[in-house]
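Biologist: I would like to learn how to read a structure like this one. Please show it and take me through some of its features.

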Amino acid sequence: MKAPLWHLTWRSIANRRLTALLTVVSVALAVALLLGVERLRHDAREGFASTISGTDLMVGARSGPVQLLLYSVFHIGNATNNVSWQSVRDIAALPEVDWLVPLSLGDSHRGFRVVGTTDDFFAHYRYGRGHGLAFADGRPFGDVFEAVVGAEVAARFGYRVGQSIVVSHGAGEATFAEHDDKPFTIVGVLERSGTPVDRSVLVSLEGIEAIHVDWAGGARLPGVNISAEHVRKFDLSPKSVTAALVGLKSRTAVFRVQRRINDWPAEPLLAVLPGATLQELWNVVAIAERALLAVSALVVAVGLAGLVAVVVASLGERRRELAILRALGASPGQVFRLLALESLLLGLAGCVLGIMLLSVAVAVAGPWLETRYGLPLSAGWPSAAEWRLLGAVLSAALLASLVPAWRAYRYSLADGMTIRI
Amino acid sequence: MSALAPPAVDLQGIRFAWPGAAAPCLEMAAFALAAGERVFLHGPSGSGKTTLLSLVGGVLDPQAGRVAVHGQVLGELRAGARDRFRAHHIGFVFQLFNLIPYLSARDNILLPCRFSALRRARVQEAGTTPSAEAARLAQRLDLDAALLDRPAAELSVGQQQRVAAARALIGRPSLVIADEPTSALDADRQRGFLDLLLAECADARAALLFVSHDARLAEHFDRRVALGEINRVGGGA
């Protein structure tokens, strides 16, 4: 007795194709939103967690682990204190330490952070599954006034190797204290990595030191003006840095070295494990992320409620049709299944269209999202988590379809085959 | 029909009251249709005609008494079996709005064959296919073959009633119940439709229970019964 139902369901939907299409589209939009949020969430988390890898310890002045990670890797906020160059050199000299990359922050270029570091940065900075930084063009900085720009900085301002840029004091978007007497020359442009490095200008520690020689307390010393040529004669070795990335010879020593740095006698220092701290930071972000997911789930609920409303509203005018089916020998159970099948098919079509919409959206908006916000969106087949969400949507659609089905069942029991309307 | 065939309809000692109603709306000692008999059931509106038809169709259960169709006591069947029994043995034509609007005329005629394997089988026993049988019935009922592919909603009332008649007759049910099928037609068309229906029921050897308030239509039937005479509840529900 399946055949008459399929046939009737299909013809009935085809007859109401405009309403059916609108219903399917509303469910599809809701599903696309839900899956989109889930994918964004997943990919953001992946991108987040893979911002830094291969670094065993991050060292900075004593503050909180999350703060240290935020300002040194994500360039969010500022350090409250620095690490003295002496300590950095002593840590680098520890027998367990394989390499150390110092980071000096505090200046910016047109809203992008300027990072003072050594050329070891290009050798040791790793992201994702151990990817290293690669040059799209040019080479690492060598001279004091040479700079390497991240992919996004280059893309935003159209920078190429050979151009000259000016660094501003402070990290704001609008800074008026320009180090315009000592411009830098771009010698390298990095490939896109999806990390904060894309949004950075990298210079040598000596470069950072050089532009601050004639500065004190965030302003130019009055009457002191040391030219770019003249500054090279100064001792440009740094006095302090903001943080340092540390790689160990053996990962088994990580807790021992961490404890050693945390108990540093010369000054209060903090060493953290980037992976564990990323996880901790993500837990903070996760609240917002869950709220976002909850809102999209609500949107799906609204979409399904719309579906139920449309099918239930159509039932009034279909009572006659249901009575005819009863007279022809349809059981109330078959009437129930007819309506359930109809709503379920609409829900299913909504899910399928939703997946298609999402694929199109990812294909169209993905590259833009990646350039604008450094959020890489993965195209392709839904992930396991997305399938689970789809399953939940379908289960909800199934539950929702029971509402019109139950009403139709009641109608057909009450009306029988007599048509009283 | 031979005398051995069970009566198409056999009602004994029926009493039926709508739920919540104090008085019964239908109470009758006996009413029967022999196999192949064509009976005109006459009654003013509200005399319990529709209730009687629902009892015969097995959609309603009488509080007392026995309803048998084609020899089968409906009260002995469970709800689902009764629905299947109705699909197998009874064809209905209503006053108006007989058709599923979004199906074509042909699909409407074929619906009983979709719901009842038995009626499908009877068509095949006759050496034809449901679709060919639908076309044959349509032709007999003066329906243009081109109309069969049109959606039911686009047909005129007269055409719809003929499609409904074809649907009631396909697969040779033993009983056709017509509930005021001609009241929406003008006098000329009433005549024509009635003739077609009577002829086709005779051809299909189906009993016909024709219900109407219009006594003028009664002359072509084997027997005429006034519902007021057999229903002991005066005035009906």
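Biologist: What should I know before starting?

Modeller: This is a predicted model, in which local features need pLDDT of at least 70, side-chain atom pairs count only at pLDDT 80 or more, and totals for chains, interfaces and linings use all residues. Residues are numbered from 1 along each chain as its sequence is written, while chains are lettered from A and ligands numbered from 1 in the order in which they are written.

Biologist: Which residues touch the most other members of the largest nonpolar core?

Modeller: In soluble globular proteins, nonpolar side chains tend to be buried together. A nonpolar core is a set of buried Ala, Val, Leu, Ile, Met, Phe, Trp, Tyr and Cys residues joined through C-beta atoms within 7 Å. Buried means 20 or more other C-beta atoms within 10 Å of a residue's own, with C-beta atoms placed from the backbone; exposed means 12 or fewer, and partly exposed is in between. Here the largest core has 114 residues, and V31(A), A166(B), L175(B) and L209(B) touch the most other members. Another core, of 62 residues, lies apart from it and includes F112(A) and V153(A).

Biologist: How many residues does each chain bring to the contact between A and B?

Modeller: Two residues are in contact if their C-beta atoms, placed from the backbone, lie within 7 Å. Chain A brings 19 residues and chain B brings 23. On the side of chain B that touches chain A, α2(B) gives the most, with 6 residues; helices are DSSP runs (H or I, at least four residues), as are strands (E, at least two), numbered from the N terminus.

Biologist: How do I read a pair of helices?

Modeller: Two packed helices are described by the angle between their axes and the distance between the axes. Axes are lines fitted to C-alpha atoms, for helices over the stretch in contact, and angles run from 0 to 180 degrees between N-to-C directions. The axes of α3(B) and α5(B) come within 10 Å and cross at roughly 120°. Angles under 35 degrees count as roughly parallel, over 145 as roughly antiparallel, 65 to 115 as roughly perpendicular and the rest as oblique, so α3(B) and α5(B) are oblique to each other. Among the residues that meet are I109(B) and L110(B) in α3(B), and A134(B) and L137(B) in α5(B).

Biologist: Is P102(A) buried or exposed?

Modeller: P102(A) is buried, because 25 other C-beta atoms lie within 10 Å. P102(A) is in strand β3 of chain A. Leaving out residues up to four places away in sequence, P102(A) touches V88(A), T117(A), T118(A), L205(A), V241(A) and A244(A).
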